[in-house]
Amino acid sequence: WFRMLGWCAICVLLNSCQSRTETYGGERPVVTPTKAQTLKMEEASAKDTAAADSQMKAVLDELTELSPKPIETLSADDAREQPTPGDAVMKLLKKQGKSTDPQPVGDVENRKIPGADGKIPVRVYTPEGTGPFPIIVYYHGGGWVIATIDTYDSSARALASAANAIVVAVEYRKAPEYRFPAAHEDAYTAYVWTLEHAQEIKGDSSKVAVAGESAGGNLAAAVSMMARDRGKPLPVHQLLIYPVAGYDFNTPSYQKNANAKPLNKAMMPWFFEKYLRSPSDAEHPHISLTKAANLQGLPPATIIAAEIDPLQSEGRQYADKLQATGVPVTYKNFPGVTHEFFGMSAVLDKAKQAVALAATELKQSFRNAAHSMPQPMPSHSAR
């Protein structure tokens, strides 16, 4: 997942995280846990790990051996250098004597597209065949601060293969160097570019979906709103994988999974402080999806959640709110797995199931888009 990870925070550290003066627009002082605090963190983390199924636990054990530092105590630069869940998967595959080669796809091409502040790097994954293919514009996770398209390469490849679709993975600008709405605007720009250049990459502009994990799930949902509000063609589907959907750190899943790995409660305020310009940005509907006043006319959604994840409750809340507005929603909470599980198909059966569900829902929306296209008038000779 993203270049981060940390031991989980004890209640004292969590409370101090939320009560101390918020330093939006600047760096929070680095906090170094005491030895006693670190021990309590490890004990609390072990309890959450025990809830994981055997395959997930094997990944978490490898992650523990990589000794990541608590991300909420680091600078953004240092956080970007931390071991990732993806590193743990590679370590586990080697231990199991399995290949660490990436899942093959037909073609992978790195491009740069015009953006508001220079070029936006994108990576285009194309299936075998001649096309035109449906397209998935994909946004990686990392709290808008860390991680890259390299970190989430396995997710992009899995979606391209399972959905038989082109995946355009977007390397949006990161905080704190670029704050809200920079990542959101880059995400939207990449979506519009894809609509306009679909044929150039062997794609079908009438079958373009958006997808993302964590902060990327938030971006995918926001792009759907932005397309609606700015008069662009809507995505045919929005695949939201454990999305950041709110700014409430006391939901049931935040409380239950406060000490989870690889994402814990203490990390989320850290991400928000880096990305938002001020606390008032948290009320924006592109950040707090669950508080958005207008969800009318948005595309069908698939929301994938993980049981051991602070974000589980807000994903469920957003699914319910979309459904109440009349948006078709498929929601699935996968038990025994954590945030970041989706890209771990090489070692997790639940990840394979989640990818298969995502592909099924995407393909259905691609078919629906084809059926809703205006049909050509029959020729004179056919009458």
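Ala, Val, Leu, Ile, Met, Phe, Trp, Tyr, Cys and Pro are counted here as nonpolar, Asp, Glu, Lys and Arg as charged, and the others, Gly among them, as polar. The structure is a predicted model, in which local features need pLDDT of at least 70 and side-chain atom pairs count only at pLDDT 80 or more, whereas totals for chains, interfaces and linings use all residues. Residues are numbered from 1 along each chain as its sequence is written, and side-chain values use heavy atoms, with hydrogens and water left out.

Pockets were examined with the protein atoms alone. On a 1 Å grid, a pocket is an open set of points with protein on both sides within 12 Å along at least five of seven lines, in contrast to a cavity, where a 1.4 Å probe fits but cannot get out; lining residues have an atom within 4 Å of a point. Grid points are joined across faces, edges and corners, and a volume is the space filled by probe spheres set on the points. Secondary-structure elements are DSSP runs numbered from the N terminus, with helices (H or I) of at least four residues and strands (E) of at least two.

The second largest pocket has a volume of about 200 Å³. Its lining consists of 17 residues, and Val236, His237, Pro299, Pro300 and Ser365 lie nearest the centre. Two or more lining residues come from each of β8 (329-338) and α12. Helix α12 contributes the most to this lining, with 5 residues. By class, the lining of the second largest pocket comprises 10 nonpolar, 6 polar and 1 charged residues.

The largest pocket holds about 650 Å³ of space. Of the 31 residues that line the largest pocket, Met90, Thr151, Asp153, Ser154 and Gly343 lie nearest its centre. The elements giving two or more residues to this lining are α5 (85-95) and α6. The largest share, 6 residues, is supplied by α5. The classes represented in the lining of the largest pocket are 11 nonpolar, 11 polar and 9 charged residues.

Helix packing was then considered. Two packed helices are described by the angle between their axes and the distance between the axes. The axes are lines fitted to C-alpha atoms, for helices over the stretch in contact, and angles run from 0 to 180 degrees between N-to-C directions. For α6 (residues 153-163) and α12 (residues 349-372), the axes come within 9 Å and cross at roughly 50 degrees. Helix α6 is therefore oblique to α12, given that angles under 35 degrees count as roughly parallel, over 145 as roughly antiparallel, 65 to 115 as roughly perpendicular and the rest as oblique. The crossing of α6 and α12 is right-handed; the term applies if the near helix is turned clockwise from the far one by less than a right angle, and left-handed applies if anticlockwise. In this pair, Ala158, Leu159, Ala162 and Ala163 of α6 meet Val355, Ala358, Ala359, Leu362 and Lys363 of α12, where contact means heavy atoms within 4.5 Å. The contact of α6 with α12 includes 8 nonpolar, no polar and 1 charged residues.

Helices α7 (residues 182-197) and α8 (residues 215-229) pack with their axes 9 Å apart, at an angle of about 65 degrees. Helix α7 also crosses α8 in a right-handed sense. From α7, the residues Ala183, His184, Glu185, Ala187, Tyr188 and Tyr191 meet Asn218, Leu219, Ala222, Val223, Met226 and Ala227 of α8. The contact of α7 with α8 divides into 9 nonpolar, 2 polar and 1 charged residues.

The axes of α3 and α5 come within 8 Å and cross at roughly 105 degrees. Helices α3 and α5 are therefore roughly perpendicular to each other. Ala58, Val59, Glu62, Leu63 and Glu65 of α3 meet Pro85, Ala88, Val89, Lys91, Leu92 and Lys95 of α5. This contact has 7 nonpolar, no polar and 4 charged residues.

Some backbone features lie in loops. A cis peptide bond, with omega of about 10 degrees, joins Phe180 and Pro181, and Pro181 is placed in the loop between β4 (166-170) and α7. Lys261 and Pro262 are likewise joined by a cis peptide bond, with omega of about 0 degrees; Pro262 is in the loop between α9 (252-256) and α10 (267-275). Ser67, a residue other than glycine, has a positive phi near 55 degrees and is found in the loop between α3 (54-65) and α4 (76-79). Trp144 has a positive phi of about 65 degrees although it is not a glycine, and Trp144 lies in the loop between β3 (133-139) and α6.
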